[in-house]
Amino acid sequence: MQYLYVKPKRNKSLWIITALITISFIAILFFPELKLPILQDIRLFFSQFDKDPLAVPGLAIQPTDTEKVHGLLSVHQWDTKNGVPVYFVPTENLPIVDIKISFDAGSARDGTKPGLSTLMASMLLEGTESLSEDAFLEQLEGLGVQYHVEANRDNLIIELRSLTNPNLLNPAIELISALLTRPALTQGAFERVKRQHIVNYQEILELPRKVAEKKFYETVYANHPYGHLTLGTEAGLESIELQDVKDFKKQYLHAQNALLVISGGIHRDRVKDIANKLVTHLPGGNKPEPIIFVPSKEAQIINIPLKTTQSHIWIGEPVLRENDPDYYPLLVGNHIFGKGQFTSRLFKEVRAKKGLAYSVKSHLKRLKVGGPFVITLQTEQKQTQLALNIVQDLLSNFGKEGPQPEELELAKQNLIKHFPLSINTNKKINDKLFNYAFYHLPMASFNEHTAKIQQVTKEQIQEVWKRRINLHHMQTVIVGE
Amino acid sequence: MIKHFFYGLIAIFISNIAWSAPTTHSYILENGLKIIVREDNRSLSVSSQIWYKVGSAYEPRGLTGISHALEHMMFQGTPSVPSQIFFNSIAEKGGKQNAFTTKDYTAYYQTINANELELIFKLEADRMAHLNFPEFAIMQELGVVKEERRLRTDDNPKRLAYERFNMNAFMGGPYSHPVVGWMRDLNNLKIQDLERWYKTWYAPNNAVVVVAGNVKAESVLKLAQQYFGPITPNAHDYKALASVEEEPVGERHMVVRLQAKVPHLYLGYNVPSLKAKTTSKEIYALKLLEVALGKGRSSRFNKMLVRGEELATSVHTHYQPFTLYPTLLEVSACPAPNVKLEKVEAAIIKQINLLKEELIENDELQRIKNRVIANRIFARDSLFYQASELASLEAVGLPWELSQQYENDIQAIDAKTLQEVAIKYLEPNRLTVTYLLPIEEEIREID
């Protein structure tokens, strides 16, 4: 009896061994440069996929010692030879690739010239050393690609979305590579772009919402690199010269300050080529000093008079850090308090019960340091005090009493079950991947999301809320008459 | 010549990729409800949408904004599902939901795990037939709607000027009032008006359900039969809306002075929509004119006005051909500092006239076609987009199948057609121009 049991087992393992040898042989044949991975790596890799392990043919046996594969989304990570980290997620069924190249060169790096990083971003679309603005844009747009350049507080991002066909993608990569390393930066284009930015700055301040945002950041982050709109200030923009842009490029747009994130229906070998073409020609440089901690300050209320029908109210303070140990309790707490769509306390009390505002929310914004917790709402002038009282009561109650058990359960269910929906397109996958990579969130937390949220307790939220959302540090900005 | 060959080649690359045609099925239930299913199993999720064929274009004088206000009321609950239960039951499944109202339709949508489609159908069927209209809710919800109007329009000089531009461009027609409605009408709106509006327009035979995602068409149909099937159709004759092409009445100029910081220019030509035209050619030619003139940084306005002559800091164009009534090809522009709006307007007209006088080169034509077609492939990344594209056609009485021949219709337009259409429609008698000028008064220091 025993013998009978053993025999088929041996047969099975023999079959597996034969299969492995065959696979290895094929691998060696087709990928001669490849160091054969140990079996454990193969098993680990396969376990990452929830569906089809061979979704991208030929990919399965490639990870080498310098390249890691993480989690649910099968994130591939390696560094280019000049040290730029590359993150890649293969996706299926659509011939699309999304690419983000970023630099730690956001408006926090503007220095004494607020607006410099956004001007830098715009100047990247003004032609290259060998192509005029018109020729460059005509070629790029003729390929049917979508592209976008922007500066945020923490980064400057160049985004490209292309069809994967090499006849479209390859020339697009050449063009983006040229704008990164050899942008024209001519005086004529600079003068024009600078004027556009100044007009744009004046335009957005027609909106009371933007006036409130500007004052909020000026107040919360006074004398800190986050203390102005990413667009800059009018005086800052006026003061910028072309040489400043050139210096900024030299200081920040270099390999040691870059990150490349790619998702799409494309083979990893091609991604390696793309990565090399995009960033290996970037010059070297020094990593900038990290952005410093944001100090809290005494609570205050600031009124900005403006002729409007509504008051815009921003209430908040710096809270979130990079890799914040309190992240999950803060996330769930904020969801219950003011973020959960149609279910938050702010929504229920300010909008559903009283009809005082169309949009009333609290946000927990991620920044390198001191990302703000901020409540925003807008209401007709005469209701300002009423709305303000309600929000302040909600805020102090939440700190004292914490969430109700059913609120906590609803928030957890929503956050957990929504997670797969938040990565249901190629673009969303790439955006999320970028966020993880740029803010150095452990890639493993892609998988741990559910567990981490599940673990959050009422007591934890209450404790963290009391400790981190400090009413004595709240800055209140009210724009209106 | 070489260039032309180059972009032509790119067109071949793009069209080869374009359609591994997605599988789409459609059905009509006995009560008249149309069901469209797009099977796309790239993710585990689904976009479920229900579109009612009613929007601000349907509203009579004095009841402007009622369609949008009713959209808000649709979240007020039913006898069996009170409002907060409605919100919570979708939230606890990880779903996201919302709604929007336009001139032509009102749409409700959810993104949720495909397994939860039954829940969505149950909720949507319930609120299609049994919505509550409690007197107290209107006070609260109309408060919210008015705050929305203040936020989006009243405190936003550009939107306010644009609202007035539309009054002038549509000359009292169904598109001349804003979707959100005039404040005076919102102030007078009664709960009985809303209930009557609901009973008139919210019926299975005036709606279309579109589902895109990880589903099988037959099971969606079965669920639809189960939940929407029992709802009785409305006897109302929904075909009554006639779509007439507007005659070119003459050039309309308007100056709006508001509390703004920079001047702005709005310009629009009365042009047909696909609904109003038997021949679709003109519509696709207009779409390509929109792109050639103002979509993207390589477009003519950007090349000549923003870069070239540096007269404007931004210029945009807009044309959406799938509407119930004739619509506009719009241009909006922000002048460069110290440049008069008259000068920007003249430069825009000059570019438009160039398209009438000279045939567009094949190279440029191919480039803009490439962009239009590639953008549609990109959009297929989103389930929401896929569903709403199908629904937006059906909701204005066009067959969803049109979306599948869009590429061919675009490719078929030649330079000659483009020129003819420009000559026919981009002419002064169809033109409306609005200047937004900042009020010349001391603007209070905000710092």
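**Strands and helix packing**

Reply: Trp314(A) has Val477(A), in E12(A), as its bridge partner. Note that the model is predicted.

Me: In which sense do strands E9 and E12 of chain A pair, and over how many bridges?

Reply: Strand E9 (residues 310-320) and strand E12 (residues 475-479) of chain A are antiparallel, with five bridges between them.

Me: What is the strand order in the chain A sheet?

Reply: The order is E8-E12-E9-E11-E10 in chain A, an open sheet of five strands with mixed pairing.

Me: Which are the edge strands?

Reply: In chain A, strand E8 (300-304) and strand E10 (360-364) are at the edges, each pairing on one side only.

Me: And what does the twist average?

Reply: From one strand to the next, the twist averages 15°.

Me: Which strands does helix H11 of chain A lie across?

Reply: Helix H11 (residues 327-339) of chain A lies across E9, E10 and strand E11 (371-380) of that chain. Relative to E10(A), H11 runs at about 165°.

Me: Switching to chain B. At what angle do helices H5 and H6 pack?

Reply: Helix H5 (residues 135-154) and helix H6 (residues 157-170) of chain B pack at about 90°, and their axes are 7 Å apart. H5(B) is therefore roughly perpendicular to H6(B).

Me: Which residues meet there?

Reply: From H5(B), Arg152(B), Thr153(B) and Asp154(B) meet Arg159(B), Leu160(B) and Glu163(B) of H6(B).

Me: How many of the contact residues of H5(B) with H6(B) are charged?

Reply: Four are charged, along with one polar and one nonpolar residue.

Definitions and conventions: Residues are numbered from 1 along each chain as its sequence is written. Chains are lettered from A and ligands numbered from 1 in the order in which they are written. This is a predicted model: local features need pLDDT of at least 70, side-chain atom pairs count only at pLDDT 80 or more; totals for chains, interfaces and linings use all residues. Two strands pair if DSSP finds at least two bridges between them. Helices (H or I, at least four residues) and strands (E, at least two) are DSSP runs, numbered from the N terminus. Axes are lines fitted to C-alpha atoms, for helices over the stretch in contact, and angles run from 0 to 180 degrees between N-to-C directions. Two residues are in contact if their C-beta atoms, placed from the backbone, lie within 7 Å. Angles under 35 degrees count as roughly parallel, over 145 as roughly antiparallel, 65 to 115 as roughly perpendicular and the rest as oblique. Ala, Val, Leu, Ile, Met, Phe, Trp, Tyr, Cys and Pro count as nonpolar, Asp, Glu, Lys and Arg as charged, and the others, Gly among them, as polar.
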